Amino acid sequence: MKNILLPTDFSDNSWNAIAYALQLFKDEECNFYLLNTYTPIIYHTEQVLINPEQFDLAGPDAVGEMAKKNLQEVKNRIEKEFKNPKHTLVTMAVFKTLIRAINELQVDKAIDFIVMGTKGATGAKGVLFGSNTVHVFNSVKCPVLAVPEKFNFETPREILFPSDYNIKFSEIKIKPLVDIAKQYHSRVNILHVFYGETLSKAQESNRQQLENLFKGSAYLFHEVKNKNISHAITDFQLKARINLLVLVNNKHSFFENIFFKNKINQIGFHLNIPFLVIPSK
């Protein structure tokens, strides 16, 4: 049984992500938690945003009631368009910041995946991921699947997994990727981009560990030399018709750290496929 968290702001963008999740996990028994976080207008003060629990919000408020109503409408739409006896839907309207609500629910409900829509900042043509999405990537300890705006579901037959082999991979770390690959008989394309250096002993060991972990799945190793990582990812995903991009977000890896801090906006304009971020811990 998988537990999937679906944050929504009731936009078309968030509905698109919900529809993607329902189709991706259509053959699995899942609990889907539809989450809307809100702050009533009357309480829009700096103090309450930091410590909302100290205020007496027990009585019904217009914003909270509207959130519950909208969540019920989303649930009704799901049951109408994606009726699935394997899926259980739970609605949650929460007066908290998005990150705090996600972190608490991740522990309380043992969340396996968060699936959310992505939309670039208004007017920022080179940006795919808005600040909320990037903040979730870097702040939660759970795999996050970001679905680009207007992306229609595609079976993830070809998965792109870039790595510099500086991470010690483990079965539990790679499990979200392996599970998807096995379910859809996908091919995992492991992409190593480098600038002339040979692999160190540690990198060789980590590469071998990846090979062991992907046994039972189709996989290929690819080497790209002397090329910008963002361009290599963009070129590869277009050439190979990639349906899903996966990356481990490891703050101790130079490659992953540089990618998240400096490269994510650069690939955004060209990246139009779902993007799964797996935390390192």
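Hi everyone, this is a short tour of one protein chain, from its overall make-up down to a single residue. Please keep in mind that what we are looking at is a predicted model.

Let's start with the whole chain. Its secondary structure comes to nine helices and ten strands. There are 281 residues, and 50% of them count as buried. If you take contacts between residues at least 6 apart in sequence, 83% of them join residues at least 24 apart.

Now for a pair of helices. Helix 1 covers residues 12-24 and helix 3 covers residues 62-81, and their axes come within 12 Å of each other. How do the two cross? Their axes meet at roughly 40°, which means helix 1 is oblique to helix 3. The crossing is right-handed. Which residues make the contact? From helix 1 we have W15, I18 and L22, and on the helix 3 side they meet V74, R77, I78 and E81. Sorted by class, that contact has five nonpolar residues, two charged ones and no polar ones.

Next, let's go to helix 8, which runs over residues 229-239. Which of its residues are buried? They are I229, S230, A232, I233, T234, F236 and Q237. Just after this helix, R241 takes a positive phi of about 55°.

Is I159 buried or exposed? It counts as buried because its relative accessible area is 0%, and the cut-off for buried is under 20%. Leaving out residues up to four places away in sequence, I159 touches L177, I180, A181, S186, R187, V188, N189, I242, L244 and V246.

Last stop, the cysteines. How many disulfides are there? The count comes to zero. Two cysteines to find on your screen are C30 and C142. C30 counts as buried because its relative accessibility is 0%, and C142 is buried as well, with a relative accessible area of 1%.

Conventions:
Residues numbered from 1 in each chain as written. Predicted model: local features only at pLDDT ≥ 70, side-chain atom pairs only at ≥ 80, totals over all residues. Heavy atoms only, no water. Buried < 20%, exposed > 50% of the residue type's maximum accessible area, 1.4 Å probe, protein only. Helix = DSSP H or I, 4+ residues; strand = E, 2+ residues; numbered from the N terminus. Disulfide = S-S within 2.5 Å. Axes fitted to C-alpha atoms, helices over the stretch in contact; angles between N-to-C directions. Parallel < 35°, antiparallel > 145°, perpendicular 65-115°, else oblique. Left-handed = near helix turned anticlockwise from the far one by under 90°. Contact = heavy atoms within 4.5 Å. Nonpolar A, V, L, I, M, F, W, Y, C, P; charged D, E, K, R; others polar.
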